Amino acid sequence: MRWISASKSFVIALPKPHQFTLMGACLLLSLALLIPATNSTTSHPLALDHLVDPELAALESPTFSLKQLRAPWAFDHVPEHETLLVPATGGAYQYIVRKGDTLSRIFENLQLPQKTMYQLLEADVNVLALDNLMPGHTLTFEKRDQELQRFELHFSLAHKVTYTRKDTGGFEFDEVQLEGDWRDELVQGEIINTFTGSGKKAGLSSWEAQTITEILKQRVDFRRDIQKGDKFEVLVSRQYVDGEATGNNRVEAVRINNRRHNYHAYLFEDNYFDEKGRNLEKAFQRYPFNGNYRKSSNFNPRRKHPVTGLIRPHNGTDFAMRIGTPVRSTGDGIVKRVVNHKYAGLYVEIQHGQSYKTRYLHLSKSYVRKGQRVKRGQKVALSGNSGRSTGAHLHFELHVNGRPVNPMTAKIPIAVSLTGKKKEAFQAQLKKYIAKIEQPTDKQLALNKSQTSESDRTL
Ligand SMILES: [Zn+2]
């Protein structure tokens, strides 16, 4: 799917075939003549070696072979890595991230100066978008006057980040997320072996199946309680841009009907509730430590660098604290990364359910490893002063649905039942979900009759 979308966007972006040869030749000439050769033995910081995670890649992404990427306009006479460059509009060229790539290796292969990569990492420090590179993502490079002017990272059809060179020398960061078109789709099935296996067979993505087990983990023991023959219904909302699935999905409603129990989960205001309006997720704590520490810098998405004037968002809250202070996870979750970053220092990222993520930067020591489950309040690290840091402090971030929010003021889920007006609103939403789950056949029939163009829509 990803490959199809990527190839299609190339075709759209590409100029007429006869222009390729010329453009390609100029591009290669400039690469060969003008860019100072980087010394391939230069040691790169260990921090960059994690960038494309082969484990995740194997799980989530299709494998890209060179052959697949060799379009008719590929350059036959140049070394292998350069055949991965595809000219795009405006003199830019594109590169599709491959399994085993790291950012430093990509820059080295494309003969771009290491200094430029560090300037990008510097612009990225408060966003860390470059740490989410995965095989299949598209990178766009735009050069002028022998310098990289613009760098784009396309996560999906609906999500890209752009780094633009400013006169002051550094890069400025910008993020574009398209709203697209969200469609409700119903997936129904029966347990054959495991929930994940049966779910995928019925049409759920791995991510959706995992999310469901995560949402219901407080209520259901998926090994013991779920049995062969149990039925399930899942309402998912999936994002489309120009008719193509972007891979961004939201699980809206889940019903698993077992001989003994019915397990329900419904999404309402970013949280999951059962049919009685009881929260299925555990609460967060506001601060990532015990005790009191002074706030030394507030969350500020439009902060300007005092010297360069570049916008350098401060996507978290800083707390002044002595090196070695215990840092605690603010919620139950799974450790997504433990990384040593040139500027962010040693940092830990924790995923909490499908909507929340926390990050802890400039640490001196981590007590957790990737993939580990952690509990709210668990000591995950010791604070420090690593990376680019002006003094011992903890930088703490909270992200909701992929966007950084002020961790001191954000609405954080609290494990209580819904009451009053909220309960009414929840019940109204519940009715809508149930209607979508229980009347798909009639709706589908009506749709098929009136509108054949929407026949690919699964309801
Ligand atoms: Zn900070």
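This is a predicted model: local features need pLDDT of at least 70, side-chain atom pairs count only at pLDDT 80 or more; totals for chains, interfaces and linings use all residues.
Residues are numbered from 1 along each chain as its sequence is written.

The protein chain has 10 helices and 21 strands. Helices (H or I, at least four residues) and strands (E, at least two) are DSSP runs, numbered from the N terminus. Of its 459 residues, 49% count as buried. Buried means under 20% relative accessible area, exposed over 50%, and partly exposed in between (1.4 Å probe, protein chains only). Contacts are heavy atoms within 4.5 Å. Among those with a separation of 6 or more, 63% join residues 24 or more positions apart.

The largest nonpolar core has 35 residues. Such a core is a set of buried Ala, Val, Leu, Ile, Met, Phe, Trp, Tyr and Cys residues joined through side-chain atoms within 4.5 Å. Helix H6 (114-124) is one of the elements that supply at least two residues of this core. H6 gives the most, with 5 residues. Domain 1 (2-177) and domain 3 (295-405) both give residues to the core, so it lies between them. The domain bounds come from an automatic or database domain assignment. Phe151 is among the core residues with the most contacts inside it. Not counting residues up to four places away in sequence, Phe151 touches residues including Phe107, Leu120, Leu130 and Tyr163.

The zinc ion is coordinated by His314 (NE2), His395 (ND1) and two OD atoms of Asp318, at 2.0 to 2.7 Å. Donors are N, O and S atoms within 2.8 Å of the metal (3.2 Å for Na, K and Ca); water is not among the atoms, so sites may look incomplete. The 4 donor atoms subtend angles of 54 to 150°, which makes the arrangement irregular. Four donors count as tetrahedral if all angles lie between 85 and 135 degrees; four count as square planar and six as octahedral if opposite donors are over 155 degrees apart and all others between 65 and 115; anything else is irregular. His314 lies in the loop between strands E12 (295-297) and E13 (317-320), and His395 in strand E20, 81 residues apart. Both His314 and His395 are buried.

His362 has a positive phi of about 65° although it is not a glycine. His362 is in strand E17.

Key
Side-chain values use heavy atoms; hydrogens and water are left out.
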